[in-house]
Structures are given as C-alpha cells and as structure tokens.
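Try each task before you read its solution.

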Amino acid sequence: MKILGADERLAQKAGAKILIIGPSGVGKTSLLRTLDQAMLSSTLFVDIEAGDIAVADLPVASVRPRRWEDCRDVACILGGANPALPPTACYSEAHYKHVAENAELARLASFQVLFVDSLTAASRLSLTWAEQQPEAITDRGRKDLRAIYGLHARQMIGWLNQLQHARGRDVVFVAILERVVDDLNIATWQPQIEGSKTSRELPGIVDEIITMQWVDFGDGKPVRTFVCTSPNPWQFPAKDRAGRLEQIEEPHLGKLITKLISPGRRKPFIVSPEQSLTQAAE
C-alpha cells in the first residue's frame, strides 16, 4: 500500500463514473453523438444491448459481449488486477494476466472513455450465467432462486466495483428508467436492473446519477434534459458527488464529462438552511 502526498494525489487524473438512466427512446445511446472527435477517438462503446442503430454511422470503436464471461474480461483489462483476490477469483492477477494474453482484449486498455450500453442488459447476462452454475441447483435438481439471485448480485457488484477502480478512465453506464409501484401503492423511479441488491448498492459505487428525461417547464413543450441533483421537483433519481453540476444540465455527454473532470471549484457544501440562505445572498 502506497501513501500519496497531497500534491501527488491532486496531480492524479481521476475519471468520472456516471450512471445515466432514462426511459426507452429518450436518446441515451445517441449521447455518443455529443462527444467531440478527440473524445470519440478514445471511447469504447460496449454494446451489450445490440441496439446501436442510433449511432450506426458514428466512427466509434466497439465491443459486443454476448456472455457474462465476456463482460468480466472487459472489466478486468480496464480495471486492472485486484491484488486482494485469490488466483481462482475473477479480476485477480491470474485473471488479468490471462486476459492480457489475448491481443484483442489487450487493445482495450488504450481507451479512456467507456460507454456501457446498457447496465440493464448486463444484468440479464449475469442472471443467465448465475442460473447455470452448480450452486444454483438444489439437491433435488430444482432451481434455487435465493442462490441464483445471491450469486447474481455478487457478480454484478464485483463487476461494477472493478470498473469503479479504473481510476483514470471515465465510465458511463446507461440503464432504463422505470416507474415502480410497491404494495402500498407508492410509486418511485428506479433503474431497471435484474435483482434488487444491485440497484440498492449502485448509488454508493458511481459518482454521478443522472436522469435523462423529457421535462415540461410549464410551456407545454417537453424537452430532453439531464436532472443531476436531488431532491428535485420530479423525484427522479439523481446524485452529484463532484459538486459541480446544476440541478438541470444540457443533455450533452461531452460537456458533462468535461465539466466533471476539469480543474475548478466545486459548489459550497451546504450543512444548514441558514448557510444556504447566506450563500444565496452572496
């Protein structure tokens, strides 16, 4: 373990880890079109959903995982080896060395921006993989749903943590937003992900949670927008760990990433209503 001095830590490049959630058809995949040529040339489009028709003409490198094992290999090469794990575990040094021997996978290490489309589809691959594992079958030969979803949750959280530790890279996860009504008839907006544990732990993993949605600002003409902070009038999921975003931002991924990673002051950390009023007066 290395101790970093303050100057050394501040000099390190830290990439943003962003979750963008929105309903189907709002244009999440098309956000790739907002990247300038320099950023686009260093972007890897992880097309898990096979829904790239919106960017079919865009010159961006892509990889198309069809199995959960493929998703893990991509995360391993991008996040690097985890020295805490035993050789038999995913993301261990042994796994990393094995993946790095594949010339095609080794090329992925050169990309600085990772656009994962989508977290919803990745969770389905993980669940399908979990259903096929020996521990998912009871002694009577039946599926053990508790074991399946437990294994699935561990796989998803491990995968997300691996990409979280790709410190110098910007990672953008895309997921479908859905309105969920519980047994008490209370409606909430949630990312569409197989299993509840991943959804609960996701806010602690990513830096930014942004809802991309059509919003009517009172003129009867809804527009696409990024909702970036919480609480907000629409009760959309949102979080800004960087402290640099306004509640409403232009739905432009290139500008968003630049704003998050560029040097500059963050907004004041408000600890009381009185401080909020003081800051507003200033």
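This is a predicted model: local features need pLDDT of at least 70, side-chain atom pairs count only at pLDDT 80 or more; totals for chains, interfaces and linings use all residues.

Residues are numbered from 1 along each chain as its sequence is written, and side-chain values use heavy atoms, leaving out hydrogens and water.

**Exercise 1.** Work out what span α3 should have, and compare it with the model.

Solution. Helices are DSSP runs (H or I, at least four residues), numbered from the N terminus. The expected span is 1.5 Å times one less than the number of residues. For the twelve residues of α3 that gives 16 Å, and its end C-alpha atoms are 16 Å apart, so the two agree. After α3 comes G80, with a positive phi near 85°.

**Exercise 2.** Is α3 mostly covered or mostly uncovered?

Solution. Buried means under 20% relative accessible area, with a 1.4 Å probe and protein chains only. Ten of the twelve residues of α3 are buried, among them W68, C71 and L78. Their cover includes α4 (93-100) and α5 (103-106).

**Exercise 3.** Find out whether C71 is buried or exposed, and how far away the nearest cysteine sulfur is.

Solution. C71 has 3% relative accessibility, so it counts as buried. A disulfide needs two cysteine sulfur atoms within 2.5 Å, and the count by this rule is zero. For C71, the nearest cysteine sulfur belongs to C90, 12 Å away.

Note on methods: Helices (H or I, at least four residues) and strands (E, at least two) are DSSP runs, numbered from the N terminus. Buried means under 20% relative accessible area, exposed over 50%, partly exposed in between (1.4 Å probe, protein chains only). Contact means heavy atoms within 4.5 Å.
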